[in-house]
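Keep the sequence and the structure in view while reading.

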Amino acid sequence: MKFTLSWLKDHLETEASLTEITDALTSLGLELEGVDDPAAKLKPFTICYVREAKQHPNADRLRVCMVETEEGGEPVQVVCGAPNARTGMKGVFAPSGAYVPGTDMTLKPGVIRGEESNGMLCSEREMGLSDDHDGIIDLPEDAPLGKSFAEYMGLDDPVIEIAITPDRGDCLGVRGIARDLAAKGLGTLKPIDLTPVEGTYDSPLKWARSETIGNDCSYVAGRHFRGVKNGPSPAWVQRRLTAIGLRPISALVDVTNYVTHDLGRPLHVFDAAKVKGDTLLMRHAEAGEKILALDGKEYTLEAGMPIIADENGPEGIGGVMGGELSGCTDETTEVFLECALFDAVRVAETGRRLGIESDARYRFERGLDPEGAKWGVAVAAKLIAEWCGGETSHVVDAGEIQSNVKTIVLRPERLKSFGGLAVKTEEAVDILDRLGFVTMQPYGMITVNNPTWRNDIEHEQCLIEEVLRVKGFDQIPAVSMTLDGALPQPILTLTQRRIAFSKKVLAQRGMFEAVTWSFMAKADAVAFGGDAKVLAIANPISADLDTMRPSILPNLLAAAQRNSGRGYGDVALFEVGPAYRGRGPKDQDTVATGLRSGKAVPRHWAEKAREPDVFDAKADVLAVLEACGAPVDKLQSDNSDVPDWYHPGRTGCFRLGPNVLARFGEIHPAVAKRYDLRGRVAAFEIFVENIPQPKAKKGAGKGRPLLQASSFQPVGRDFAFLVDADVPAEKLVRAALGADKALVTDATVFDVYEGAEMDGKKSIALSVTLQPVDATLTDKEIEAVGDKIVANVTKSTGGTLRR
């Protein structure tokens with residue numbers, strides 16, 4: 001919603017500054033979108049006097065002008081191409097360095113055909129005032145030399161734009177905004193004269209409503225005008241309409257646009273001579289009827305859309321847009337005015353289906369003052385009489401105005417309990433009265449009748465909001481939330497969060513989530529460690545789904561089989577869900593299960609294709625455990641607790657003591673064959689609820705610990721140990737890390753050698769990183785740490801250092 005400051009002051013008697021007004025608008029809930037001050041844009045432009053205008057010596061269509069910009073000042077030479085540039089005229093001058101908004105350019109001194117030019121004599125187009133560029137602006141002789149052109153022409157009127165929420169249709173007119181500001185205390189709302197204009201004859205046109213139109217058009221009023229002269233509207237009206245982005249068209253059309261934005265009351269005028277018959281009918285359109293609208297487009301109407309029709313057919317789309325065939329032109333001498341009440345929902349539906357956005361639709365679908373259908377006729381009649389002359393008929397109408405006034409009780413104590421701010425009863429009543437509500441105070445309560453222009457007031461809470469927004473939401477004191485001595489608990493449990501982490505990590509690793517049945521065939525359940533009797537379902541949904549699943553793996557293997565049978569052999573699937581050990585509530589485990597089959601790396605020119613293996617499954621497991629907060633650096637790995645559906649020797653599990661966190665490995669070839677899966681299949685099972693809760697360090701917060709970065713260069717050393725073939729590499733890594741916890745920060749395996757000549761032994765090579773903190777390590781200190789590493793590995797594994 002846009003309006004100018006002077007327009008606002010037509011309704012509001014105020015001494016408040018522009019800043020005070022805009023701040024108050026936002027405080028009232030009418031959020032400020034912006035302020036456009038045209039005076040600032042036109043500040044460099046001043047009134048000038050052309051002392052001399054002579055023919056350019058080197059160009060037929062140019063003139064060299066000597067321009068005075070102030071009394072007693074030195075003249076400025078300007079080369080001008082306007083045909084009306086002449087000696088002795090008053091015009092508008094823009095100096096070098098000025099920004100010209102109409103042409104989006106900044107003036108610079110220059111030489112045109114050999115003559116210097118220092119500025120510009122401007123047209124209306126160059127100043128962004130209109131499209132007229134046939135000549136430069138020609139001002140009256142009494143225009144004061146050197147004065148700001150914007151001030152002289154009244155173009156120093158700031159344009160204010162605010163955002164209107166859908167419930168505040170009353171503020172889609174300048175008067176509604178002024179009413180809110182007056183209630184806020186920024187001035188006094190000026191009275192408005194809504195006295196009807198007396199008619200002098202009976203209207204030759206009348207209104208009628210079809211039997212089926214109902215509330216789609218509950219009431220319509222209008223008047224006939226004859227002997228009118230449809231010329232341009234007054235200059236002040238044109239300036240205001242232009243300022244808010246509307247194009248002045250003619251006096252009759254500008255009346256409707258002005259009242260729409262001034263009072264929030266949409267109107268329409270028909271050229272009465274173009275209306276066929278003596279009746280305009282409010283009815284529903286028939287499917288397929290067409291209308292040429294005022295936007296120049298033809299629309300095909302759907303059945304049920306409200307329209308205004310004469311004997312020719314549709315002449316307007318109810319509440320949306322009028323028709324062009326009965327529109328007013330410069331030759332119009334008799335007019336018929338329409339001021340109607342259309343249903344908000346029906347107008348919105350019609351506008352959306354036809355794809356029409358209009359100022360009328362925007363206001364109707366947000367709710368109008370029903371009484372405006374009467375006073376809107378009176379206001380329009382006065383303006384038409386003032387701007388176009390002629391005489392007016394008596395009012396003609398059809399239908400009834402339905403009251404929207406409600407009686408609502410406001411309990412003053414609710415202002416504190418609901419709104420958070422105690423407001424005295426007398427002050428609350430005063431605020432509501434200033435907003436136009438009718439109040440009474442029986443039995444310590446406030447009984448309120450809403451004004452007709454406030455369709456949005458429905459409950460006591462609406463009244464509380466009205467009082468508080470005028471009082472000031474910023475006055476509501478900030479209070480601490482009462483927690484009763486305890487912080488609120490997280491909505492999600494740790495297990496629920498870990499389930500989400502697991503899904504996110506596995507999806508990031510290129511796996512697709514599957515959701516399978518919690519049941520399976522008895523044979524599958526038994527093959528994967530289930531007790532058929534304990535897990536049997538009494539009333540299965542299918543004969544092959546008669547047992548609760550002891551593991552998710554069979555379902556994923558079956559899914560991989562189905563994908564392979566359809567030509568999608570490279571599969572990476574996961575599911576996070578329950579697996580069952582028995583019938584009791586504690587016999588259910590939450591397991592993150594996944595498998596990879598086909599090709600882990602597909603055929604590619606830059607990389608060798610390969611099948612998935614145990615290390616792919618291990619990497620998936622470690623990624624999930626790390627995301628879930630498991631102490632991955634303290635995990636123990638072995639293959640002592642791995643079921644027989646995994647490949648012996650290509651499997652493992654992660655544990656913390658007796659607590660198994662995950663199992664992983666390649667599926668046994670016999671099991672893979674049972675599901676018709678060729679090649680290796682890597683799989684894993686992560687027991688989410690077995691992951692220990694993270695231990696809170698004393699005095700530590702929830703954030704990450706402070707990074708303790710050393711300023712000294714780390715040192716790397718390699719060691720190769722000869723150990724028994726059955727010794728896991730993890731033992732060596734842990735022994736190296738434990739040799740000196742202050743200096744040894746990392747230990748990794750980079751080579752393993754097993755050959756026939758090793759005679760039951762293998763060689764494992766470690767890369768160990770030493771990170772000094774206090775000083776650079778000397779060779780002696782490095783050798784001492786190396787000796788500790790060798791000694792600790794020998795003690796833990798029985799291995800010897802290879803020389």
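Arg168 and Asp180 join their side chains in a salt bridge, at 3.1 Å from N to O. Arg168 sits in the loop between strand S13 (159-162) and helix H5 (174-184), while Asp180 belongs to helix H5, so the bridge ties together parts that are 12 residues apart in sequence. Arg168 and Asp180 are buried. The model is predicted.

**Other buried pairs**

- A salt bridge connects the side chains of Arg283 and Glu289, with an N to O distance of 3.0 Å.
- Arg283 is buried, and Glu289 is buried too.
- Asp456 and Arg454 also form a side-chain salt bridge, at 2.9 Å from N to O.
- Asp456 and Arg454 are both buried.

- Strand S13 belongs to an open sheet of 3 strands, in the order S1-S13-S3, with antiparallel pairing.
- Strand S1 (2-4) and strand S3 (32-36) are the edge strands, and each pairs on one side only.
- From one strand to the next, the twist averages 20°.
- S1 and S13 are joined by 3 bridges in the antiparallel sense.
- Phe3 has Ile160 in S13 as its bridge partner.

Notes. Residues are numbered from 1 along each chain as its sequence is written. This is a predicted model: local features need pLDDT of at least 70, side-chain atom pairs count only at pLDDT 80 or more; totals for chains, interfaces and linings use all residues. Side-chain values use heavy atoms; hydrogens and water are left out. A salt bridge is a side-chain nitrogen of Lys or Arg within 4 Å of a carboxyl oxygen of Asp or Glu. Helices (H or I, at least four residues) and strands (E, at least two) are DSSP runs, numbered from the N terminus. Buried means under 20% relative accessible area, exposed over 50%, partly exposed in between (1.4 Å probe, protein chains only). Two strands pair if DSSP finds at least two bridges between them. Axes are lines fitted to C-alpha atoms, for helices over the stretch in contact, and angles run from 0 to 180 degrees between N-to-C directions.
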